Amino acid sequence: MKRIIIIGATSGIGHEIAKLYVQKGWQVGIAGRRKDALVEFEAKAPTQIKIQQLDVTVGDAAEKLQELIDKLGGMDIFLLSSGVGSQNINLNADIELNTAKTNVEGFTRMVTSAFAYFKKEGGGHLAVISSIAGTKGLGSAPAYSATKRFQNTYIDALAQLARMEKLNIHFTDIRPGFVATALLKDRKYPFLMQAEQVAKCAVSALDKRKRVAVIDFRYAILVFFWRLIPRWVWERLAIRND
Ligand SMILES: NC(=O)c1ccc[n+]([C@@H]2O[C@H](COP(=O)([O-])OP(=O)(O)OC[C@H]3O[C@@H](n4cnc5c(N)ncnc54)[C@H](OP(=O)(O)O)[C@@H]3O)[C@@H](O)[C@H]2O)c1
C-alpha cells in the first residue's frame with residue numbers, strides 16, 4: 001500500500017490534499033503543531049491515518065519525522081506544506097525573521113531529512129508547496145516572496161544533486177497562486193482559488209510526477225508575463241491590496 005507524509009496538514013492546502021489521499025486509499029501520515037487538529041483528522045480513518053505533532057522550526061523535527069515514517073511503515077511521497085506568510089509594509093523585523101525561520105530554516109530541516117531518507121531507501125518522491133510569490137520580490141511581503149524563491153531554488157539544486165549522485169528521487173515544486181486559507185487573513189486577491197480546487201490540481205501534479213506545477217493555468221499565464229517585466233519597471237509598480 002502506498003504511503004504519503006504531509007507536513008503542515010492541520011489546515012489549508014495540506015489538509016485538503018491529505019483528505020484526497022485518504023479517499024484514494026493511501027496510508028497517510030500527517031504532522032503540524034496543532035495536536036487537536038491532528039487527533040480530529042486521525043479519528044476519520046484511524047487505520048489509514050497516522051499523526052505526529054511537530055514544529056518545523058525546532059531541532060527535534062527531523063527525529064519526529066522519522067517517528068512518523070516508522071508509524072506509517074515507510075514513505076513513498078514526502079510533501080512539505082508547512083509555511084507562514086504575512087504582508088509587512090511596515091517591515092516589522094519580527095515578522096520577517098519568523099517567516100524566514102519557518103519557510104527557510106524549517107523548510108531546510110524537513111527537506112534535507114526527507115532527502116536523506118530517500119537516499120537511504122534507494123528512491124522516492126519529494127514534493128513541496130512553495131508559491132508563485134517567489135517569482136519576484138514583492139514590496140508588500142519581502143520575507144514571504146524571498147523565502148518562496150529560496151524554496152524554488154533549493155528544490156532545483158536538490159534535483160541536480162540527486163542526478164549527480166544517481167539517486168532515484170523525483171521532485172515536485174507545487175506553486176499555487178492565491179488560495180482562500182488562513183494564511184491570507186481574509187484579504188482580497190485576484191483569481192482567488194479554494195483550497196479544495198488547489199488540492200485536486202496538486203494531487204494530479206503528484207500523480208504525473210510533474211517537476212514544477214503552477215496552479216492553476218491562469219496563474220501560469222500571469223507568471224509567464226510577470227517574469228518578463230524588467231527590473232526597472234517592476235521597482236516602480238505599487239502592488240498592494242490594503
Ligand atoms: N494561501 C495561499 O494563498 C498560498 C499561496 C501559495 C502558496 N501557499 C503555501 O501553501 C502552504 C500551506 O499554506 P495554507 O495556505 O494552506 O495556509 P494554512 O492553512 O495557514 O496552513 C499552514 C500549515 O502550515 C503548518 N505550519 C505552520 N507553521 C508550522 C511550523 N512551525 N511547524 C509545523 N507546521 C507548521 C500549519 O500547521 P500548525 O499551525 O498546526 O503547525 C498548517 O498546517 C504554505 O507553505 C504557503 O506558503 C499558500
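## The second largest pocket

Let's start with the second largest pocket, which has a volume of about 220 Å³. Here a pocket is an open set of points on a 1 Å grid over the protein atoms alone, where a 1.4 Å probe fits and protein lies on both sides within 12 Å along at least five of seven lines. Its volume is the space filled by probe spheres set on the points, which are joined across faces, edges and corners.

Lining residues (those with an atom within 4 Å of a point) include Lys-2, Trp-26, Asp-76, His-125, His-170 and Arg-209. Two elements give two or more residues to this lining: strand 5 (124–129) and helix 6 (195–207). By class, the lining has 3 nonpolar, 5 polar and 4 charged residues; Ala, Val, Leu, Ile, Met, Phe, Trp, Tyr, Cys and Pro count as nonpolar, Asp, Glu, Lys and Arg as charged, and the others, Gly among them, as polar.

## About the model

This is a predicted model, where local features need pLDDT of at least 70 and side-chain atom pairs count only at pLDDT 80 or more, while totals for chains, interfaces and linings use all residues. Residues are numbered from 1 along each chain as its sequence is written, and side-chain values use heavy atoms, with hydrogens and water left out.

## The whole chain

The chain has 8 helices and 7 strands, counted as DSSP runs numbered from the N terminus (helices: H or I, at least four residues; strands: E, at least two). Its radius of gyration is 17 Å, close to the 18 Å that the globule rule gives for 242 residues, so the chain is as compact as a globular protein of that length. That radius is taken over C-alpha atoms, and the rule is 2.2 Å times the number of residues to the power 0.38.

Buried residues (under 20% relative accessible area, 1.4 Å probe, protein chains only) make up 48% of the 242 residues. Along its principal axes, the C-alpha trace spans about 55 × 40 × 35 Å.

Most residues other than glycine have a negative phi, and most peptide bonds are trans. Yet a cis peptide bond joins Ile-215 and Asp-216, with omega about 0 degrees. Asp-216 sits in the loop between strand 7 (212–215) and helix 7 (217–228).

Phe-191, in the loop between strand 6 (169–176) and helix 6, has a positive phi of about 55 degrees. Arg-209, in the loop between helix 6 and strand 7, has a positive phi of about 50 degrees.

Methods
Buried < 20%, exposed > 50% of the residue type's maximum accessible area, 1.4 Å probe, protein only.
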